[in-house]
Amino acid sequence: MNYLSHIYLSGDNEDIILGNFLGDYVKGHLNKLHDTSYNKDIILGIALHRQIDTFTDQHPIVKQSMSRIRHRYHKFSGIVIDMFYDHIFAKNFHHFSTIELDIFSANFYQILQKREDDLPAALDRMIISMTSRDWLTNYANLEGLKWSLKGISSRLKYESDIENATEILTAQYQEFEDDFFQFFPEIQAHCQKFIENPVY
C-alpha cells in the first residue's frame, strides 16, 4: 500500500496519521523512539505503518497480484502493486468514505503544513511536490499513476521500467481490481484491531 492507503488506514487521529506518513523514514526499534520527541500516538502511527507493510507483503492475495507482473518487474513487483492498489483505492474512494477524495487529500496536506516542525527537513522537497501536484487525488487516474511511477523509477538505483507498468494494469484491470476488493477489508480490520490494541 502507498501513501493514500496508509493515511486512510490511520483513522482520524492526527498524530497517528503523521506517524504513519513518517513510517518509511524512521528507522530503528520502536522502543527506542520513546526517548525522542515523538509522542506515543506518533510512535503508534510508525508501528501501524510497519504493520501495514508486513501484513500486505505476506498476504496471499497480494502475492497473487504480484505473480502477474513478476516476470517483468522482479524485485520491483511489490512497489508496482502498492501503486496499483492505491490507484484502485483512489478511483473507488467513494466506496470507502463519505468524504470526497480531493477534500480528504487537502485535509492531509493541511496536516503536513500545520505539523511541518515535526517533519524531517529532508522531506521538504517531496512534501512540496506532493501538495502542489496533489499526488493523492491524481492517483485516481492512469496518467497520475504513471507520473508517480516515473518519479519512483527515477529514484531507484537500477533500471526498472516501472513507469510503463500501467500497460499491464490496463490489460488485466479487472483481475487487479478484484484482488484489491478482496484484500482491502482484511487490511482495514487488521489496522483497526492494531490501533485498538497495539502490541509492539
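**Loops, pockets and ring pairs**

Modeller: D134 counts as partly exposed, at 22% relative accessibility. Keep in mind that this is a predicted model.

Biologist: Where is D134 found?
Modeller: Helix α8 is followed by D134. Its place is the loop between α8 and α9.

Biologist: What is phi of D134?
Modeller: D134 is a residue other than glycine, yet its phi is positive. The value is near 50 degrees.

Biologist: Is D161 buried, partly exposed or exposed?
Modeller: D161 lies in the loop between α10 and α11. It is not a glycine, but has a positive phi of about 65 degrees. Buried would need a value under 20%, and exposed one over 50%. The relative accessible area of D161 is 27%, so it is partly exposed.

Biologist: Which residues of α8 are exposed?
Modeller: Start with the buried residues of α8: M126, I127, S129 and M130. They cover an arc of only 160 degrees around the axis, so they sit on the same side of α8. On the other side, the exposed residues are R125, I128 and S132.

Biologist: Which elements do the buried residues of α8 pack against?
Modeller: The buried residues in question are M126, I127, S129 and M130. They pack against α1, α2 (14–22), α7, α9 (135–138) and α10.

Biologist: Which residues does T166 contact, leaving aside neighbours within four places in sequence?
Modeller: T166 lies in helix α11, residues 166–171. Its relative accessible area is 9%, so T166 is buried. Its contacts are L142, L145, K146 and L149.

Biologist: How far apart in space are M1 and I81, C-alpha to C-alpha?
Modeller: M1 sits in the segment before α1. It counts as buried, at 4% relative accessibility. In sequence, M1 and I81 are 80 residues apart. In space the distance is 7.8 Å.

Biologist: What does M1 touch, not counting residues up to four places away in sequence?
Modeller: M1 is in the segment before α1. The residues it touches are H6, I52, T56, D82, Y85, D86, F180, F183 and F184.

Biologist: And how far apart in space are Q174 and L48?
Modeller: Q174 lies in helix α12. It counts as partly exposed, at 48% relative accessibility. Q174 and L48 are 126 residues apart in sequence. C-alpha to C-alpha, they are 29 Å apart.

Biologist: Which residues lie closest to the centre of the largest pocket?
Modeller: The largest pocket has a volume of about 740 Å³. Its lining has 26 residues. Closest to the centre are N2, Y3, D24, I152 and R155.

Biologist: How many residues in the lining of the largest pocket are charged?
Modeller: By class, that lining has 13 nonpolar and 8 polar residues. The charged residues number 5.

Biologist: Which residues lie nearest the centre of the second largest pocket?
Modeller: This pocket has a volume of about 420 Å³. It is lined by 18 residues. Nearest its centre lie I7, Y8, G11, D12 and F104.

Biologist: How many residues in the lining of the second largest pocket are charged?
Modeller: The lining divides into 10 nonpolar and 7 polar residues, with a charged count of 1.

Biologist: What kind of aromatic pair do F21 and F108 form?
Modeller: The whole structure has 24 aromatic pairs. F21 and F108 are one of them, 5.5 Å centre to centre, with 65 degrees between the planes. An angle over 60 degrees decides the class. The pair is edge-to-face.

Biologist: Which helices does the F84 and F176 pair link?
Modeller: The ring centres of F84 and F176 are 5.1 Å apart and the planes stand at 75 degrees, so this pair is edge-to-face. Both F84 and F176 are buried. The two residues are 92 residues apart in the chain. The helices linked are α6 and α12.

Biologist: Which residues do ring pairs link into a cluster?
Modeller: Rings pair if their centres lie within 6.5 Å. Linked in this way are Y8, F55, Y85, F89, F93, F96, F104, F180, F181, F183 and F184.

Definitions and conventions. Residues numbered from 1 in each chain as written. Predicted model: local features only at pLDDT ≥ 70, side-chain atom pairs only at ≥ 80, totals over all residues. Heavy atoms only, no water. 1 Å grid on protein atoms, 1.4 Å probe; cavity = no way out; pocket = protein on both sides within 12 Å on 5 of 7 lines; lining within 4 Å. Points joined across faces, edges and corners; volume = space filled by probe spheres on them. Nonpolar A, V, L, I, M, F, W, Y, C, P; charged D, E, K, R; others polar. Helix = DSSP H or I, 4+ residues; strand = E, 2+ residues; numbered from the N terminus. Buried < 20%, exposed > 50% of the residue type's maximum accessible area, 1.4 Å probe, protein only. Contact = heavy atoms within 4.5 Å. Arc of directions from axis to C-beta. Phe/Tyr/Trp six-rings, centres within 6.5 Å; stacked < 30°, edge-to-face > 60°.
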